[in-house]
Amino acid sequence: MASKITVKAPSSTANLGPGFDVFGLAIDAFHDEVTLTKTKSGVTIITDDKIPTNPEKNTAGLVVKNMKKKFKIKGGIEIKIKKGVPSGFGMGSSAASAAAAAVAFDKLFALRLDGNSLVEFAGSGEKASAGSIHYDNVAASVLGGFVIVKTDPLDIIRVEPPTNLRMCIAVPNIDVPKKKTKVSRSVIPKKIKLTDSILNLSNASAIVAGFMKKDPVLIGNSIKDVIVEPARRHMIPGFAKVKQNALKAGALGVTISGAGPSVIAFSKSSANLKKICLSMSRGFASKKIKCQTIICKPTKGAADKRK
Ligand code: HSE
């Protein structure tokens, strides 16, 4: 058995509009890398990034601790984390480290866990940053592609995305609250109107059909959320302008990426993606905010770096 392994896990976008806490999509914009090495004792974290190094407060650290306990692994583990996914911007940063840690642990100890178990362990790490467990980002980051999170019992349904689906992401250069996901979950209404629920359900269903039929236009045109986006958009200065500009530039649908503040526009490979990115930058610039824009596509899940 190897004594060391490195796993790379992708960024992800959660919700895709109406699929709050249910939909996730792995995207190739950024990656995290986690190297696990067997040691004599304890769980230690080494990193050059600004993240907690206390395993109890670190997503990857919690995953390793939980898996170590569950599988009664003796000896210690050193966790080396190289962050590529910007933290706190709605790109599944904590999920990517958690996913990489779960997959690396599975491989290091030859556990051969199934996808649902890996997602469940990766989700246990999310608690460290989000304060609650939700599986949309981790499922996408572990399994890749488009995922539907079915709960009670947890069952992740994975669908291979169309190869010509493209996204433009605008990551604004703004300060985010420390416990951002917790804060942005607190603004969501506890009760919703039946008509809003019907609208979201119809769009969510159409998104699933779009992935099954490999139809980026159906996916993009159905990225419409009348429940969570209206409750959260005030937290993103310039959101209305960014969305309006991207739609004008040819995007099929635009929404908040996960809990934000990044904004994601859905399109297809034949569209003028640079124009969409530029229009989103101009939207943020209208509020004097700089942003990084990235053109990206769906990608595979966490994997051994050598493969
Ligand atoms: N579905 C979650 C949310 C994703 O929107 O709060 C956050 O990472």
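Q: Is Lys-297 buried, partly exposed or exposed?
A: Lys-297 counts as partly exposed, at 37% relative accessibility; buried means under 20% relative accessible area and exposed over 50%, with partly exposed in between (1.4 Å probe, protein chains only). This is a predicted model, where local features need pLDDT of at least 70, side-chain atom pairs count only at pLDDT 80 or more, and totals for chains, interfaces and linings use all residues. Residues are numbered from 1 along each chain as its sequence is written, and side-chain values use heavy atoms, with hydrogens and water left out.

Q: Which side chain does Lys-297 meet in a salt bridge?
A: That of Asp-28, at 3.0 Å, N to O; a salt bridge is a side-chain nitrogen of Lys or Arg within 4 Å of a carboxyl oxygen of Asp or Glu. Lys-297 lies in the loop between strand 10 (291-296) and strand 11 (303-304) and Asp-28 in strand 2, so the pair ties together parts 269 residues apart in sequence. Strands are DSSP runs (E, at least two residues), numbered from the N terminus.

Q: How many salt bridges are there in the whole structure?
A: A search finds 6. Among them, Glu-56 pairs with Lys-65 at 3.1 Å, N to O, and Asp-21 with Arg-185 at 2.6 Å, N to O.

Q: Turning to the ligand, what lies 2.7 Å from one of its oxygen atoms?
A: An N or O atom in the side chain of Arg-185. The protein buries 94% of the 260 Å² that the ligand exposes when taken alone, with areas from the Shrake-Rupley method and a 1.4 Å probe.

Terms used
A polar contact is a pair of N or O atoms within 3.5 Å; within protein, one must be able to donate a hydrogen and the other to accept it, and residues adjacent in sequence count only if both atoms are side-chain atoms. Helices (H or I, at least four residues) and strands (E, at least two) are DSSP runs, numbered from the N terminus.
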